[in-house]
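Student: Please pick one part of this model and take me through it closely. After that, carry on to whatever else is worth a look.

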Amino acid sequence: MSSSVPRLVVAAPSSGSGKTTVATGLMAAFAARGLAVSPHKVGPDYIDPGYHALATGRVGRNLDAYLCGPELVGPLFAHGARGCDLAVVEGVMGLYDGAAGEGELASTAQVAKLLRAPVVLVVDASSQSRSVAALVHGFASWDPEVRVGGVILNKVASDRHEELLREALEAAGVPVFGALRRVAQVDTPSRHLGLVPVAERRGDAVEAVAAMAAQVADGCDLGALMELARGAGALPGAAWDAAGVLASPTHDRPSRSVEQAPPVVAVAGGEAFTFSYAEHTELLTAAGAEAVVFDPLRDEQLPDGTRGLIIGGGFPEVYAAELSANEPLRKAVAALAERGAPVAAECAGLLYLCRELDGLPMCGVLDASARMSERLTLGYRDAVAVGDSVLAVAGTRMRGHEFHRTVVEPGAGAAPAWGVRTPRPRVEGFVQQGVHASYLHTHWASEPGVARRFVERCRTS
């Protein structure tokens with residue numbers, strides 16, 4: 001089986017060039033033409049896929065060669081793009097930037113090569129004219145295996161400025177697929193960890209995405225971009241499938257218990273917990289669970305019949321007062337953990353399980369306190385499970401990502417969750433009874449047995 005979905009990778013020389021605006025605008029513009037558009041994001045980013053989903057009406061999916069391994073990039077892409085007319089992949093940072101000290105690993109360039117997809121380079125053209133040709137030539141010639149199909153010029157000042165830029169690029173033999181002026185309506189607000197998620201500003205986000213679509217449709221040659229996308233090479237191999245990987249020889253088929261009803265796994269959502277990978281819920285379902293989303297800001301009880309709890313990432317620090325005020329739910333979470341039910345918490349979930357966050361009472365499951373910090377902790381991590389937990393057996397190796405401006409004290413419990421090898425050896429997180437809480441964001445597609453083990457513990461706890 002192979003995937004021949006037309007596809008483009010939207011990249012840039014550096015962060016801040018306008019990748020998100022152009023990629024989201026392209027997704028929305030093509031979707032407005034009646035195409036089924038599959039949205040993807042290179043790297044571990046949780047926020048941009050929310051805007052992509054708003055633009056396309058489909059789940060935004062990540063392609064991360066570090067977290068999942070290069071071998072899964074193609075299958076995960078094919079899974080997300082199945083049945084679509086076009087796929088648009090937004091890159092990360094600069095085209096050739098990847099995991100620190102790992103060469104091209106996890107870079108947009110590597111993902112473009114793995115997908116056999118042409119690259120459209122978004123160039124911030126402000127404060128330059130003829131020099132744009134030298135810049136683009138350098139990026140197009142750096143790696144012969146990366147096919148830079150052309151450019152979209154962003155932040156163009158005037159018609160005369162656009163004329164000079166086009167003349168320079170025509171002389172260099174590089175196609176120009178569009179030229180965009182700076183438009184205030186397409187700017188999206190940011191704060192301490194990047195863009196404000198869609199869930200927190202849905203009305204404004206809808207307007208922003210519509211403005212992006214209008215700007216891109218007006219300033220870009222969508223027909224030429226579609227032709228470029230159709231030139232992507234076919235991807236060999238089968239699409240990733242949650243049920244398939246759990247039933248593969250490498251990952252034992254989930255066992256069937258006497259209990260007929262699937263165990264309910266409550267999954268935290270709402271504005272405070274917006275970080276999740278779609279594949280996690282798909283794996284939980286394939287392992288035999290019923291995943292039910294609830295909102296810790298509004299729901300005073302866990303879903304009926306909850307046997308396990310997943311609390312992913314997000315911004316509990318922004319909603320600390322509201323989370324603290326929901327005392328009935330905090331007590332319900334603490335009671336569930338006290339019973340020994342499986343609880344998996346990442347980053348924001350870790351903070352929520354602490355005794356307090358910035359002095360406000362949280363669930364008190366962990367004897368630890370959390371607070372905001374001026375220091376940004378960011379980067380990929382190599383980790384190994386220190387002991388057995390509801391997610392993994394001791395010695396299980398996984399790769400994760402940290403991204404936060406908070407500190408938890410102590411940083412590890414008597415039984416830590418992970419031994420982290422990079423950037424320096426340390427232990428991190430908490431394992432107690434059925435709780436696994438850690439700062440590390442992981443992608444379960446890299447280790448599907450995590451979902452199987454968690455659901456089995458839900459059945460038996």
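Tutor: Let's start at aspartate 124, which touches Gly16, Ser17, Asn154 and Lys155 if you skip residues up to four places away in sequence; touching, or contact, means heavy atoms within 4.5 Å. Keep in mind that this is a predicted model: local features need pLDDT of at least 70 and side-chain atom pairs count only at pLDDT 80 or more, while totals for chains, interfaces and linings use all residues. Residues are numbered from 1 along each chain as its sequence is written, and side-chain values use heavy atoms, leaving out hydrogens and water.

You'll find aspartate 124 in strand S6, residues 119–124. Strands (E, at least two residues) and helices (H or I, at least four) are DSSP runs, numbered from the N terminus. The C-alpha atoms of aspartate 124 and leucine 153 are separated by 6.4 Å, although the two residues are 29 residues apart along the chain.

Now for a pair of helices. H5 (residues 131–142) and H6 (residues 159–171) pack with their axes 8 Å apart, at an angle of about 45°. Axes are lines fitted to C-alpha atoms, for helices over the stretch in contact, and angles run from 0 to 180 degrees between N-to-C directions. That angle makes H5 oblique to H6, because under 35 degrees is roughly parallel, over 145 roughly antiparallel, 65 to 115 roughly perpendicular, and the rest oblique. Val132, Ala133 and Val136 in H5 meet Leu165, Ala168 and Leu169 in H6. Those contact residues divide into six nonpolar, no polar and no charged (Ala, Val, Leu, Ile, Met, Phe, Trp, Tyr, Cys and Pro count as nonpolar, Asp, Glu, Lys and Arg as charged, and the others, Gly among them, as polar).

Further along comes helix H10, residues 278–286, where Ala278, Glu279, His280, Leu283 and Leu284 are buried. Glycine 288 follows H10, with a positive phi near 105°.

Last, the cysteines. A disulfide is a pair of cysteine sulfur atoms within 2.5 Å, and by that rule the count is zero. Cysteine 84 is in none, and the nearest cysteine sulfur, in cysteine 68, is 19 Å away. At 9% relative accessibility, cysteine 84 is buried. Cysteine 458 is buried too, at 0%, and its sulfur lies 17 Å from the closest cysteine sulfur, in cysteine 363, so that is too far for a bond.

Terms used
Buried < 20%, exposed > 50% of the residue type's maximum accessible area, 1.4 Å probe, protein only.
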